[in-house]
Amino acid sequence: MPYIPHDAEETAAMLAAVGVNSLDALFDEIPSSLQVHDMVLPEGLSEMALRRELEGRALANAPLVCFAGGGAYAHHIPAIVWEIAARGEFYSAYTPYQPEASQGTLQVLYEYQSFITRLTGLEVSNASLYDGASGLAEACLMALRIQGSEKSILVPENLLPSWRSVLDTVLGMQNIRLQAVPYDPNSGTLQIPGDASDAAALIVPQINAFGLLESVDKLTDWAHAQGLLTIAVVNPLALAMLKAPGDWGGKGADMAVGEGQPMGIPLTGGGPYFGFLACRKTHVRQLPGRLVAKTVDAQGRTGYCLTLQAREQHIRRGKATSNICTNQGLMVTAATIHMATLGSHGLQETASCCHTRSRQLRELLAALPGVSFPYAGAFFHEWVLRLPMSATAVRDALLGHGLLAGIPLREWEMGEPGDLLVCTTELLEEADLLTYRDALKSVLEAQ
Amino acid sequence: MSKIPESLRYSSTHEWVEDLGDGRYRVGITDHAQALLGDLVYAEVPEIEKNLQAGTVCGVLESVKAAADLYAPIDGKVLERNEALNDSPQLLNEDPYGQGWMMVVAAESSAYAGLMDAAAYANIAEA
Amino acid sequence: MNPAVTETVNDSIFAHDHHLPGQKLPTDIPEDLLRKTPLNLPNASELDVLRHYTRLSQKNFSIDTQFYPLGSCTMKYNPRIAHALASLPGFARLHPDTPAPAMQGLLQVLWELQEWLAAATGMAAVSLTPAAGAQGELAGVAMIRAYHLARGDTGRNKMLIPTAAHGTNPASAQMAGFEVIEIPNLPDGDLDMAALDAHLGPDVAGIMLTNPSTLGVFERRIAEIARHVHAAGGLLYYDGANLNAILGRVQPGQMGFDVMHLNLHKTFATPHGGGGPGAGAVAVQERLRPFLPLPTVLQEPHGALRWMSIEDLPQSIGQLSAHGGNIGVLLRAHAYLRRLGRSGVGRVSAYAALNANYLLKELQRLGYQAAFPERRASHEFILSVSDLHKATGVRALDVAKRLLDFGIHAPTIYFPQLVPECLLIEPTETESKATLDRFVAVMAQIRQEALEQPELLREAPHHLPVGRLDEALAARKLDVSAAPE
């Protein structure tokens, strides 16, 4: 019996101790009309057979050199990251509600919070949320609680559309209005919004959905002048190079939220990732999710424990700051080890390499006839390529060359039919860039 | 046995009220309440100018593992808040009738007169 | 071990910084967009990092190292094969925006998992996208709301929830815009039908129930409850937290539930990971299918698989995360379910119930008091140590902390709140009789200690890296990140 260790003798002895004569008798309080004895499930497999079947499935996903980004990025993950994160002591532990038996997890979370505050330049980070998009929804709800009476959020139209969808779902349930902030069609970057009446906060994506950098100082100062909070949406790796949200404008952004996946989390088709959320200390009581603090025991030894739990659902129930119960503990463990392994230097070098590759590829492609770049502004590691034919057709054709060439913007209902969002990371070598150019050239010439 | 000073008046929701004269009343939580709640780590006291309605929720008290609503013991308007509680919520535990006071409100003397005296509150607190 | 030696090991990652100077990197990004404040992450050697986090891991209790009878959390063995398969490069390196024809292997796994979970729960359709139980709950109550609104039934703004429910239930209902009404339980653990009937009406959207309930007993009148709620126009939500108790034996669909979530990190053996990631798939009856959260996997008539979009499911409550949910967790649940198969699934609840009922009887024999002595335990049960508390001052917390000294994780304590000084104990089916017998022996010793030297329990744990922590100081001082030097 897979994973059930009882032999017949033990089973019999235990049934006798309980005072029943069969396993079925343990369910004698359940009306028999509700009990079923068979279900439409396949028979079980041995571990060996299962491995064979799943290895086949894994191979059915074509291995591709990845030039796609759009919120999920292919990065190198040092071997030590998952070697340690997957240790049973981290992998199979529960939420650290018994702090004496969870100092490992708790200290990791404290270090994670410290790393995120340094990346974002804000004072407090929670112990993570489900993913970047749901984290942004939580940040919006937090801003509404802080601001009190306002009932809407200013949402840029060049925010990743999947993130916008999550805001629609979560905020829509509470009848919170999302006011669109348009972008300049020529530059692809945000225009200063016209109207801020009844809004609690402005979302500023620094890197927007086109891969472009926004004038974050100007936007932050405008929001503060209107009495709005600024919610920065950031890529944690890019923060090794880009201005920290805490330094945006005269007063700094009030909250920073982002997708943590670039920090040591495998792509795995879309998850699990983790969302980070950092804020000013003055707003900590409105921060959703778990938070770890450093303290001492009776003998004065340093220890770590969950704190401000009275904000959370298991105590406040219907009055909690959020219904969230989990953080993405294991993902955060990996991310913490990843950040510690790379350090400031490694993260800066990685960020710089992503950026350099992006400039190189753009230069290579600029020489191809018929292609152009609709947006001229500064970028980090992602930009829009305008093709003289359908970007979806090009993307599909390049699959045959072993390349995932990017994301056609039309799949997001943005841009022109020829627009392809292309991303480069440190994983790509110069030879990969040349392969991309040559393959694209041949696809365009075959037209 | 918790302390219940004779000089104060009390609500059934475990707040005490002290008559400061001139229609001003100081409000806090009782020794019995702080003992029930345990080590307090945060007090959310209503803003100055806020109008209070007796028996309704006007703030929150948080201990390590519990959160309790703070009720207004009396109709009135908030005049002062004890800002010392922001940094030292433990004052609520250590000195609930002194340095752990929460707010001063403007109220009618008739509302004050309607509150329990120490003997009546003792019956509730010890029940 | 010599304590003087261990104290020389600095256990902060920030102590390993080699203080490399900051770098000026070549870029064409305008100066005003570039980082100003130094990053200040430690620059440590790889070996120092490896040692630091390996040492931290050793300060944790985990299923892989300790018995973990944590009630309502289903801390069963997390099969390593599931981890190995989910980590295969063919899955791990798959970008979420890969076109469907190039990710058929993954979609096949997810499609099968959808089908199997529907079969195991007696429901019509499944969406795997919720990232955790609480997000599943939110999706579930949002579907209930969408269902009523789609029928033009706009007055249903109340959600009924038992007083003893998990805290996420009222929090989720609140988040979905409902007013929460609490329904009490009777002394025998069943729901108070009279109170239920008194609240049912045209303003009630539905009821959220766990069965077996959080009290560790089966709600015997569930069919009657379902009839009454349905007759009043409401829907029934099943909180799948306790599904391990009935897996392979009773289907929530057959009990009359309309919508539910499954905690794959409980019932389907995916790891808890120190607090996530979980997965909270939702399953629904046919009438709620149009409202499922996106994306789900669709099989085309010719057999190819693809993600469903809003065009396929225009009434969907929408998307809950940027991509398809916690796919790595779903891969693990699929592997577990595939190992068990149809006959293995039925054994899960049978042996979970056997272990729980055996432990309960053995602990009662030692003098521990069951909260519901006349009831059969489900996969878990509640003890109350009120008697010990009265006699010795020892509390449930002290018993829990003392267990840690014996290398056993504490049970859930003080939940559900309506049983005073309670311990909620769930052994799970993957523990052997020998492990349970050792737990019983330790509980016997602890009871003895409570009577003879209660201070030993009140000051426990004695043998862990730290003793009881000053949690009040933690909250007041609020040191939640290491300040840069």
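Mentor: Ground rules: residues are numbered from 1 along each chain as its sequence is written, and chains are lettered from A and ligands numbered from 1 in the order in which they are written. This is a predicted model, where local features need pLDDT of at least 70, side-chain atom pairs count only at pLDDT 80 or more, and totals for chains, interfaces and linings use all residues, while side-chain values use heavy atoms, with hydrogens and water left out.

Trainee: Why is K266(C) called buried?
Mentor: Buried means under 20% relative accessible area, against over 50% for exposed and partly exposed in between (1.4 Å probe, protein chains only). K266(C) comes in at 10% relative accessibility, so it counts as buried.

Trainee: Which other residues does K266(C) contact?
Mentor: With contact meaning heavy atoms within 4.5 Å, and neighbours within four places in sequence set aside, the list includes C73(C), T74(C), K76(C), A241(C) and H272(C). The UniProt annotation "modified residue: N6-(pyridoxal phosphate)lysine", from an unreviewed entry, covers K266(C); such annotations may be inferred rather than shown by experiment.

Trainee: Why does L91(B) count as buried?
Mentor: L91(B) has 13% relative accessibility, so the buried label applies. Leaving out residues up to four places away in sequence, L91(B) touches A84(B), L85(B), P96(B), Q99(B) and G100(B).

Trainee: What makes something a nonpolar core?
Mentor: It's a set of buried Ala, Val, Leu, Ile, Met, Phe, Trp, Tyr and Cys residues joined through side-chain atoms within 4.5 Å. The largest one has 178 residues, and I231(A) and Y53(C) are among those touching the most other members. Helix α10 (residues 329–366) of chain A gives the most to this core, 12 residues. A second, separate core of 134 residues includes L50(A) and L264(C).

Trainee: How much area is buried between chain B and chain C?
Mentor: About 480 Å², with carbon and sulfur atoms giving 57%; buried area is the accessible area (1.4 Å probe) that two parts lose on being put together, summed over both. On the chain B side, V41(B), V64(B) and Q90(B) lose the most area to chain C, together 63% of what that side buries.

Key
Helix = DSSP H or I, 4+ residues; strand = E, 2+ residues; numbered from the N terminus.
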